[in-house]
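Take a moment to look over the model below.

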Amino acid sequence: MTISVLKKNTWDSVKRVGIDEIAMRKGHQDFVTVVGDIEQGTLLDVIDSHRSADIIEALSQQPIELREQVEEVSIDMWGGFPKVIAQVFPNAILVYDRFHVMKLVTQELNKLRKAVGMTLRGSRYLLLKNQSDLNEEQRLQLELILNHSCCLRIAYELKEEFRQIYETARTPASGKRRFQIWLNHAQQLYQESCQTIHGHLDGISNYFISHSSSGAIEGINNRIKLIKRQGYGFTNFENSRSRLLACFSH
């Protein structure tokens, strides 16, 4: 892995950081790690590795006074990221990204949809989409789908209850308390999700401190993919990294 240091002013005043991974070639497992400024939606670094030790080594090249000013780091639930945060950003609070947590629940709901034999066209979309975003016709179609199975209806309502916690809780303490109640109600239908959420509950509840999310990082990832397509793919990592950082510096 090649390590290079970004210009110091790239990290000036950065308070909230997002870290995610992205595959550099479709269908391959050669992931790189993307680091971005959540508030500005800017790319801070691209690291040619998904190993925690390599990520720590690369990010530790930044001066400690800049790393100490980072207050929050938003991540998915990959096991290596908490170790990275603890060693690289000593004053930062770990926040598990809302999108990735919701994805756990919606994926398990989709498994249940298949298990109960709900194969109507569009059923997956209607079940996983936020209820508040459905139009009247879609709500009627959803009701027909939910009538297919009592278990599916309960699971759907639990999914919406979980989403509402994200929408309405105001503090980490209240969010955590409501998540714990949800876990007690949902554990029979959402066994895998409940186990994972329970093990990451503090970091999930930290979302309610300032609603940090990796949504900006998803936007950065999408822009990286566009730049890759425009450049007909990347063959040399350092050249690719330089080009990406230049594109985001404008």
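**A walk through the fold**

E143 has a relative accessibility of 34%, so it counts as partly exposed. Here buried means under 20% relative accessible area, exposed means over 50%, and partly exposed lies in between (1.4 Å probe, protein chains only). This is a predicted model: local features need pLDDT of at least 70, side-chain atom pairs count only at pLDDT 80 or more, and totals for chains, interfaces and linings use all residues. Residues are numbered from 1 along each chain as its sequence is written, and side-chain values use heavy atoms, with hydrogens and water left out.

What does E143 pair with? Its side chain meets that of R153 in a salt bridge, at 2.7 Å from N to O. A salt bridge is a side-chain nitrogen of Lys or Arg within 4 Å of a carboxyl oxygen of Asp or Glu. E143 lies in helix α6 and R153 in helix α7, so the pair ties together parts ten residues apart in sequence. R153 is partly exposed too, at 22%. Helices (H or I, at least four residues) and strands (E, at least two) are DSSP runs, numbered from the N terminus.

Between α6 (136–146) and α7 (150–168) runs a loop that holds S149. Is S149 buried or exposed? With 12% relative accessibility, S149 counts as buried.

The structure holds eight salt bridges. One of them joins R98 and E167, whose closest N and O atoms are 2.6 Å apart. R98 sits in helix α4 (residues 98–115) and E167 in helix α7, so this pair links parts 69 residues apart in sequence. R98 is buried, at 18%, while E167 is partly exposed, at 37%.

E39 and R16 also form a salt bridge, at 3.6 Å from N to O. E39 lies in the loop between β2 (31–37) and β3 (42–47), and R16 in strand β1 (residues 16–23), so the pair ties together parts 23 residues apart in sequence.

Now turn to helix α13. The buried residues of α13 are F237, S240, R241, L244, L245 and F248. They cover an arc of only 125 degrees around the axis, which puts them on the same side of α13. The arc is that of the directions from the helix axis to the C-beta atoms.

Finally, step back. The protein chain has 13 helices and five strands. Of its 250 residues, 46% count as buried.
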